[in-house]
Amino acid sequence: MPVETSRRLADPESASPETGSRKKLSWMPLIGEFAFDDSVMTFKGKEIVPRVSPDSALPAGEVPGPLAAVGQVICDRSMQDGRLSARVTFASVSRASVCELILAYDHGTKRQISAGLGGSGAMFSIREWVPTAQLDQQGGFKHYALGGDRVNLHADQQYRIEVKVKGSQIDLYVDGVHVNSAIALDRFNQPRQVGVYCVDYHDVSIEDFEIHGALPKAFVVMEFSEAYDDLYSQVIKRVCEERKLEVVRADEIYGPGVIIGDVINRINQSQVIIADITPTNANVFFEVGYAFALQKPIVLLARRDNGAQALPFDVSAFRVLFYEDSIMGKARVEEGLRRHLREILGEP
């Protein structure tokens, strides 16, 4: 049976349907042994003696040293964009000591994206577990960002780990200090369960695990002209808000700095990109190309009745939602956009 442990409330402004009510978290260990006591969760680290097969390549009589236990526990909440935090204490520290917050776990593929302390020999780690399709192999970690000297990782010291997720952008904070940042290619577009991942010979305690959900974001790229303003304000923006997406268009970005840098940041932080590719516009195609390189879901729109030539070769193979500048055309593009967003976001 799953066990329950209390958590602090999320900020009301950032609460999502997955996290926004006053409920306890229900936990289920997938690997390793965990103990639960109110707001404290303890991973029971220990030594694991590996089994040696008869056909092992080890010299006769040589026995491999003990391995550190691995722990993986997930809860009954999911997150797409938002923030995870917890306070972590290692009873002892070795070269194996790891404690990371799982910001996305997929049951079907067993993929896991996590960030925290000690991963892959570093002090600070943002990485993804990628299972292999081969039965005789377990898989391996894809490293998004590793940093810091783990000589500074100490036992009996409480660390506050905080992970902020916006689209493909992942930021790691330890004790309020921003220590690592990464852009994760092909990050999950739909909400995934969250949890904790540990490796150690000794106990690791995790306290005050918190989930603060945030609305996922849609970024719209299109020509800035009166002819397209109505499409954005009356169709795209309205449909996105129906799907609980925070939507912004490039010309709504305010603040100092280089415009292209702001656009790239917005694409990094968005779950879905919506692009009108009529008329042919170099800026729009640059932004679509950058989003495609990040493996972002992209919804392409194009007008049928603008007298434009055929679509450029590079996008001709993409699914394009064509529309007409008419009352009927508006209704059709609305419904088409709804279907695309439901499929991308995994919503009913």
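Which residue forms a salt bridge with R127? The legend to the first view gives the partner.

**View 1. A salt bridge joins R127 and E100 in this predicted model.** The partner of R127 is E100, and their closest N and O atoms are 2.9 Å apart. The pair links distant parts of the chain, with R127 in strand β10 (residues 124–130) and E100 in strand β8 (residues 98–105), 27 residues apart. R127 is buried at a relative accessible area of 3%, and E100 is buried at 0%.

**View 2. R111 and E128 meet through their side chains in a salt bridge.** The N to O distance here is 2.5 Å. This pair also links distant parts of the chain: R111 lies in the loop between β8 and β9 (112–117), E128 lies in strand β10, and 17 residues separate them. R111 counts as buried at 16% relative accessibility, and E128 counts as buried at 2%. Elsewhere, salt bridges that share partners join E242, E335, R338 and R342 into one network. The count for the model comes to 15 salt bridges.

**View 3. D76 forms a salt bridge with R77.** The closest N and O atoms of D76 and R77 are 2.7 Å apart. D76 is partly exposed, with a relative accessible area of 40%, whereas R77 counts as buried at 6% relative accessibility. C75 is buried as well, with a relative accessible area of 1%.

**View 4. The sulfur atoms of C99 and C198 are too far apart for a bond.** For the sulfur of C99, the closest cysteine sulfur is the one in C198, at 3.8 Å. C99 is buried, at 0% relative accessibility.

**View 5. P279 sits in the loop between β19 (272–276) and α3 (282–293).** Leaving out residues up to four places away in sequence, P279 touches E223 and Y228. The C-alpha atoms of P279 and R303 are separated by 8.4 Å, and the two residues are 24 residues apart along the chain. P279 is partly exposed, with a relative accessible area of 27%.

**View 6. Over residues 1–22, pLDDT stays under 50.** For residues 1–22 the model has 52 contacts beyond four places in sequence. The mean pLDDT of the protein is 84, and 81% of its residues reach 70 or more.

Methods:
Residues numbered from 1 in each chain as written. Predicted model: local features only at pLDDT ≥ 70, side-chain atom pairs only at ≥ 80, totals over all residues. Heavy atoms only, no water. pLDDT = per-residue confidence, 0-100. Contact = heavy atoms within 4.5 Å. Helix = DSSP H or I, 4+ residues; strand = E, 2+ residues; numbered from the N terminus. Buried < 20%, exposed > 50% of the residue type's maximum accessible area, 1.4 Å probe, protein only. Disulfide = S-S within 2.5 Å. Salt bridge = Lys/Arg side-chain N within 4 Å of Asp/Glu carboxyl O.
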